[in-house]
Amino acid sequence: MSIKAYKQTLLEALYAPYKRCMQCPLGNQGRTHVVFGSGSADARLMFVGEGPGRDEDAQGEPFVGRSGQLLNKLFEAMGINREEVFISNIVKCRPPNNRKPTPIEMSICKKLLLEKQIKIIRPRVLCTLGSSALEGLLDRPVKITAERGIAISYKDTPVIPTYHPAYVLRNPPALQHLAKDIQTAFEISQFDDQLPE
Ligand code: SF4
């Protein structure tokens with residue numbers, strides 16, 4: 001069995017008990033699917049967004065609506081294969097009316113699923129999309145305009161924070177920053193383990 005297949009088995013075992021999860025308030029607020037994430041179980045680069053929207057909730061896949069289409073366009077322009085990265089969210093269930101997840105919802109879901117996904121996948125780089133994703137990851141308030149593009153560390157994994165694609169759709173001048181940050185995260189994820197002698 002390949003490492004990737006082994007990690008996929010671990011991810012499926014992780015998800016199995018939570019397909020109808022009710023561990024936080026989002027479990028009974030109208031979600032259709034628990035949207036765990038998609039992509040390679042052995043990804044070098046992992047994206048973390050805020051939570052599923054209407055399209056994601058309906059299809060059970062992350063970033064399939066307009067934000068996902070923007071991500072796909074950026075990936076294509078940069079030569080990033082979406083199948084080779086992993087895309088997930090801080091909370092796996094859609095908040096009603098697309099409200100921001102509460103700190104308690106983010107904290108519960110992160111401990112239950114995201115932290116374990118990161119442990120299994122062991123990406124070389126995390127790229128957070130939007131302020132909520134970074135707030136949820138770091139458990140502190142964030143001013144994304146000040147923090148985007150500046151590398152930080154989460155449990156020894158480098159993090160490149162950037163804007164959420166939905167914000168960029170509303171504020172087109174921010175597209176250049178989103179593209180630059182994703183490019184930076186991708187380049188770091190491609191570094192070899194060994195530095196040259
Ligand atoms: S958001 Fe996470 S913790 Fe809350 S019900 Fe959904 S899967 Fe469970």
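Me: Which residue just after H5 takes a positive phi?

Reply: That's Asp139, with a phi of about 55°. Two ground rules: residues are numbered from 1 along each chain as its sequence is written. And this is a predicted model, where local features need pLDDT of at least 70, side-chain atom pairs count only at pLDDT 80 or more, and totals for chains, interfaces and linings use all residues.

Me: How many residues of H5 are buried?

Reply: Buried means that 20 or more other C-beta atoms lie within 10 Å of the residue's own (exposed is 12 or fewer, partly exposed is in between, with C-beta atoms placed from the backbone). In H5 that holds for 7 of the 8 residues, so the helix is largely enclosed by the rest of the structure. Among the buried ones are Ser131, Glu135 and Leu137. They pack against S2, H4, S4, helix H6 (144-147), S5 and S6.

Me: What is the strand order in the sheet?

Reply: Strands of a sheet pair through backbone hydrogen bonds, either parallel or antiparallel. Here pairing needs at least two DSSP bridges between two strands. The open sheet has 6 strands in the order S1-S3-S2-S4-S6-S5, with mixed pairing. Strands S1 (38-39) and S5 (152-154) stand at the edges with a single partner strand each, so one side of each is left without a neighbour in the sheet.

Me: Which residues touch the most other members of the largest nonpolar core?

Reply: In soluble globular proteins, nonpolar side chains tend to be buried together. A core here is a set of buried Ala, Val, Leu, Ile, Met, Phe, Trp, Tyr and Cys residues joined through C-beta atoms within 7 Å. The largest one has 42 residues, and Leu45, Met46, Val48, Ile90 and Cys127 touch the most other members. H4 (103-121) is among the elements giving two or more residues, and gives the most, with 6.

Definitions and conventions
Helices (H or I, at least four residues) and strands (E, at least two) are DSSP runs, numbered from the N terminus. Two residues are in contact if their C-beta atoms, placed from the backbone, lie within 7 Å.
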